[in-house]
Amino acid sequence: MENEIRIGFIGNPNCGKTTLFNAYTGANLKVANWPGVTVEKKEGQTTYQGQTCRLIDLPGIYSLTSYTMEETVSRECIMSDEVDVIVDVADASCLERNLYLTLQLIELGKPVILALNMMDIVEARGMEIDLHRLPEMLGIPVIPVSAKRKTGLSILLHAAAHHKDPAKQSPFIHHHHGKVSFHPHNHHEEYAMVYEDYIEDKIDAITEILTEKYPSLPNKRWYSIKYLEQDRSVEKQFPLDLEHVIDRSYEADIINQKYNFIEEVIDEVLVNKSQKEAKTDAIDRYLTNRWLGLPIFLAIMALVFFLTFTVGDFLKGYFEIGLDAFSEAIRKCLVSLQTNDMLISLVVDGVIAGVGGILTFLPNIFILFLALAFLEDSGYMSRVAFVMDDIMGRLGLSGRAFIPLLLGFGCSVPAVMASRALEHKKDRLKTILITPFMSCSARLPVYVLFSSMFFGKYAMLVCYSMYLLGILVAVTTAFILSRIDGSRSEQALLIELPEYKSPSAGTIAIYVWEKVKDYLTRAGTVIFAASVIMWAILNFGPSGYVTDISLSFGSCLGRIIVPLFRPVGLGYWQIVVALIAGIAAKEVVVSSCSVLFGIQNITSGHGMAAMTASLASLGFGTANALSLMVFCLLYVPCTATIATIRREVNSRRLTALFVLFQLATAWITSFLVYHISLLF
Amino acid sequence: MVLKQGIDGRTYRVLSIHIEFQLERRLEALGLTRDTRITVLNNRKRGSLIVKFRGTRFALGKRIANHIEIAEVTE
């Protein structure tokens with residue numbers, strides 16, 4: 001244990017802390033451009049010159065007070081013996097705000113190292129940071145790093161290993177702009193952050209009282225400052241009679257003076273400040289304009305879906321040709337090896353048909369996430385919260401709730417997790433309930449398949465309308481709920497709007513790769529397993545291995561539930577089985593269909609023709625297809641989402657209630673859609 | 001006057017913030033305290049507004065903006 005250094009990573013939200021942590025540990029923690037990604041601390045390990053370094057990733061916070069869950073977790077962890085050295089990760093392109101936390105960390109008295117992340121953005125903006133002056137003023141080592149390009153990593157560990165002894169402090173070199181202090185001590189030689197005389201006098205007075213009452217308390221200066229701020233947890237832990245010293249809360253004074261010092265630091269170390277700020281203002285004039293903001297947002301989203309369908313479909317064609325050839329080659333190969341029929345059926349009809357069918361949607365998914373990554377990395381996403389705030393307010397939700405909803409277009413799992421950014425529990429629960437109604441990318445294959453089979457040239461329009469219907473149902477649900485619980489909009493939006501930047505290829509590549517990998521992993525695991533299970537329950541029945549699918553277990557099971565689905569136009573046992581299987585993951589509805597109807601390349605022209613024919617023979621027409629798509633849009637989210645909801649709401653009963661509500665909504669909406677479309 | 005009455009492009013000085021404890025502390029942690037200079041960038045009539053203080057832009061809800069007392073900076 002002697003050789004182990006424990007390093008705590010801390011920083012503002014959005015500073016690239018988790019990316020840096022991942023660069024060391026190789027762990028694939030979730031990284032998202034949204035505060036609240038790291039809520040509990042995570043640990044990893046690496047070695048540096050034979051020393052074990054235990055790395056602790058803490059939630060992103062703006063300050064070290066103890067008013068939020070994240071702040072409390074971080075503060076307690078840092079102050080405990082769990083951490084030897086603090087690595088404060090700062091977004092160098094936003095130094096002013098980041099330094100506030102840095103000053104608080106320095107005051108804490110533990111060894112701190114400032115890791116300046118995102119230096120590339122600083123350079124790209126034509127700014128420069130004086131890396132000699134900054135450590136002089138702060139009295140701590142400052143190491144420029146790039147989490148993305150993995151530069152400066154070993155130097156940072158080196159600094160941590162050498163700086164873990166709190167006794168070794170760097171000297172401070174401050175200029176005082178001719179100001180003369182009348183305070184009896186010259187703290188400028190000891191501390192980076194020195195307050196005005198009236199505060200320093202009080203700190204001295206409190207320190208004296210503290211020394212008398214709690215002589216063994218370390219870093220009394222920090223505690224004294226906390227008493228001046230009337231910090232509740234310190235007052236409770238170490239009660240002190242300070243009535244004659246503290247007549248009011250000095251918190252605002254302390255914050256102000258810290259920011260004044262930061263201004264001084266920024267003035268000295270930042271060269272070419274705010275050269276490109278004007279650009280952000282100019283862009284914002286249009287994107288957040290009172291009249292143009294909303295239409296621009298809708299246009300951007302329409303463009304995203306247009307690209308997803310056109311470019312995605314174009315690429316998908318090639319995937320299908322490849323899949324066809326592959327499937328045929330494998331079949332021939334297995335036949336020539338004289339493999340038994342059952343195994344050939346399992347491989348070709350079960351695995352290749354199921355998994356392969358899903359893989360052909362990869363181009364659509366890829367384009368969708370590419371577009372979303374582009375919007376997120378450029379800084380536009382937080383503007384959306386501002387643009388949508390008014391509309392969301394009328395629905396009884398905060399503008400912030402729009403981000404989880406928007407993420408829901410990608411995948412419900414991170415979307416449900418993103419609802420953590422909402423402060424009020426009621427808001428959070430409402431958002432979690434309606435987020436799965438936003439059409440996630442897994443549902444896309446279902447729409448693409450059924451709309452191209454039944455709606456010909458209107459296919460894209462039908463797909464887009466599914467997305468709109470999802471939004472409509474989510475919005476209506478939120479509206480009705482806010483009427484029921486009588487909650488008015490909080491109108492307390494508070495969100496940082498970062499400066500626009502041209503998205504970095506690296507960040508986008510990582511983001512898209514993560515999603516594509518997720519999709520591939522799901523295809524290889526959940527969908528693979530589901531396809532095999534589907535094949536099994538469809539090829540075995542009470543009488544053993546059957547070639548007639550209608551004698552299988554699947555058929556029996558489907559037939560039991562069919563009556564429930566007849567009113568919504570889905571009274572076909574094959575469809576019912578596919579829907580049940582779809583709870584594993586929504587794409588499974590498509591892969592199951594290919595297994596159920598014995599079609600190998602379901603998304604290709606002849607595959608779809610074969611499927612349309614077999615569906616038509618069952619009496620399954622346009623209205624049924626529409627009902628199926630609506631049902632898929634709204635019914636129980638996938639198992640991963642249910643598990644996430646369960647974790648976030650922390651109640652099994654509530655989770656069950658949510659799922660039931662979603663099922664009921666799906667049934668009712670499909671019923672309406674089915675019967676209305678039958679009229680035409 | 002309150003922040004919600006601010007005019008686009010003008011800079012003000014914060015006089016006081018009267019909002020529930022929790023929210024006030026969050027604003028303070030972000031650097032919005034008494035005497036902070038705050039520039040109104042986009043004050044749409046009905047809802048939230050965009051402001052800039054301590055070098056960063058923020059979107060603020062109407063209720064928050066209605067509870068921040070400001071004065072025009074005259075210099």
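How far apart do the C-alpha centres of domain 1 of chain A and domain 3 of chain A lie? In this predicted model, the two centres are 40 Å apart. Chain A also meets chain B, with 39 residues of chain A in contact with 35 residues of chain B. The points below cover the domains, the interface and the salt bridges.

**Domains of chain A**
- The domain assignment divides chain A into domain 1 (5–163), domain 2 (187–271) and domain 3 (293–487 + 519–678).

**Extent of the interface**
- The size of an interface is often expressed as the accessible area lost when the parts come together.
- Between them, chain B and chain A bury about 3,500 Å², and 49% of this area is on carbon and sulfur atoms.
- On the chain B side, the residues that lose the most area to chain A are B:Arg44, B:Arg54 and B:Arg57, which together account for 22% of what that side buries.

**Polar and charged pairs across the interface**
- A total of 17 residue pairs are in polar contact across the interface of chain B and chain A, with both residues at pLDDT 80 or more.
- The count of salt bridges between chain B and chain A is 4.
- A salt bridge joins the side chains of B:Arg54 and A:Glu263, with an N to O distance of 3.8 Å.

**Elements of chain B that touch chain A**
- Two or more residues each come from helix H1 (21–29), strand E2 (37–43), strand E3 (49–53), strand E4 (56–60) and helix H2 (62–66) of chain B.
- H1(B) gives the most to this side, with 8 residues.
- By residue class, the side of chain B that touches chain A comprises 13 nonpolar, 10 polar and 12 charged residues.

**Strand pairing between the chains**
- Strand E9 (residues 494–497) of chain A runs antiparallel to E4(B), and 4 bridges join the two strands.
- Opposite B:Phe58 in E4(B) stands A:Glu496.

**Salt bridges in the whole model**
- Over all chains, the count comes to 20 salt bridges.
- Within chain A, A:Arg6 and A:Asp84 form a salt bridge whose closest N and O atoms are 3.0 Å apart.
- This pair links distant parts of the chain, 78 residues apart: A:Arg6 lies in strand E1 (residues 5–11) of chain A, and A:Asp84 lies in the loop between helix H2 (69–79) and strand E4 (85–91) of chain A.

How values were computed:
Residues numbered from 1 in each chain as written. Chains lettered and ligands numbered in written order. Predicted model: local features only at pLDDT ≥ 70, side-chain atom pairs only at ≥ 80, totals over all residues. Heavy atoms only, no water. Domains from an automatic or database assignment. Contact = heavy atoms within 4.5 Å. Buried area = accessible area lost by both parts, 1.4 Å probe. Polar contact = N/O pair within 3.5 Å; in protein donor to acceptor, adjacent residues only side chain to side chain. Nonpolar A, V, L, I, M, F, W, Y, C, P; charged D, E, K, R; others polar. Pairing = 2+ DSSP bridges.
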